[in-house]
Amino acid sequence: MLANMEHEIYRQIEETKLLPLYTATDLAYLDRLEEILVRNEVRFIEVTFRSSLATDAIKKLAQSGELVVGAGTVRTLKEAKSAITNGAKFIVSPAIVPEVIEYCIEQNVPVFPGTATPRDIQLATEYGIKVVKFFPADIYGGLKAINALSGPFYDVKFLPTGGINPENFMEYIQNEHIIAVGGSFIISEAIIKKDNGNTADKILKTLVDKIRS
Ligand code: 3PG
């Protein structure tokens with residue numbers, strides 16, 4: 001059984017409040033990505049298995065050691081193994097994937113399984129998991145759903161993703177049941193590409209300043 005709130009990573013994510021979700025289609029942008037995140041004191045990145053470069057990107061960022069690197073969109077045991085072997089320190093899935101959860105528990109690596117219903121959350125808690133991803137947050141009822149689910153699941157914290165944006169993210173992170181918000185609105189390869197990261201840096205700075213104010 002993994003009492004997953006005990007892991008240091010949860011405390012750090014809760015402090016940062018933002019978990020950037022990043023899909024790499026070109027490794028050349030990783031240095032700039034890292035620089036922007038470090039400058040803004042967001043020391044986390046979730047690299048998704050939505051491109052063939054996921055493992056290479058995880059490896060490169062993990063070797064550099066500036067960020068706590070995790071893997072996202074982990075739907076198979078093979079991806080979980082590849083991510084962890086190459087330096088991923090946490091795993092995020094879009095759903096409950098038993099073999100991924102079991103492997104993470106075995107490896108003592110925090111895992112955020114994707115949930116949307118009471119049944120999903122119940123399944124996660126049966127593994128001892130106390131922090132779940134809530135996805136896709138906007139479609140499954142957003143804050144209203146999280147508040148309702150927190151009635152019976154009073155001991156669970158949520159990481160909402162999907163449809164979180166610069167306009168609504170503060171409402172989410174101010175909610176006591178929410179550990180942090182995740183998503184591609186925080187930073188993306190497309191936005192870095194635009195002007196060598198200048199806009200990406202500005203956007204992230206605005207988000208971070210809002211959290212601190
Ligand atoms: C996820 O997998 O968490 C979502 O696809 C993130 O959604 P977003 O890109 O709309 O933030």
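In the predicted model, Phe134 has Pro160 of strand 8 as its bridge partner. Strand 7 covers residues 131-134. Its pairing with strand 8 is parallel and runs over four bridges. Helix 7, residues 142-149, packs on the sheet and touches both strand 7 and strand 8. The direction of helix 7 makes about 150 degrees with that of strand 7.

The sheet itself is open and has three strands, in the order 6-7-8, with parallel pairing. Strand 6 (114-115) and strand 8 (157-160) stand at the edges. Each has a single partner strand, so one side of each lacks a neighbour in the sheet. Strands of a sheet pair through backbone hydrogen bonds, in either a parallel or an antiparallel way.

Helix 1 spans residues 8-16. Ile9, Tyr10, Ile13 and Thr16 are buried in this helix. Seen down the axis of helix 1, the buried residues fall within an arc of 130 degrees, so they line one face. An α-helix has 3.6 residues a turn, so residues three or four places apart point the same way. The buried residues of helix 1 pack against strand 1 (18-22), strand 2 (44-48), strand 3 (68-72), strand 5 (111-112), strand 7 and helix 10 (198-212). Lys17 follows helix 1, and its phi is positive, near 70 degrees.

Asn86 lies in the loop between helix 4 (77-85) and strand 4 (90-92). A polar atom of the Asn86 side chain lies 2.8 Å from the backbone oxygen of Ser82. Beyond residues up to four places away in sequence, Asn86 touches Thr55, Ile58, Lys59 and Ala62.

Key:
Residues numbered from 1 in each chain as written. Predicted model: local features only at pLDDT ≥ 70, side-chain atom pairs only at ≥ 80, totals over all residues. Heavy atoms only, no water. Pairing = 2+ DSSP bridges. Helix = DSSP H or I, 4+ residues; strand = E, 2+ residues; numbered from the N terminus. Contact = heavy atoms within 4.5 Å. Axes fitted to C-alpha atoms, helices over the stretch in contact; angles between N-to-C directions. Polar contact = N/O pair within 3.5 Å; in protein donor to acceptor, adjacent residues only side chain to side chain. Buried < 20%, exposed > 50% of the residue type's maximum accessible area, 1.4 Å probe, protein only. Arc of directions from axis to C-beta.
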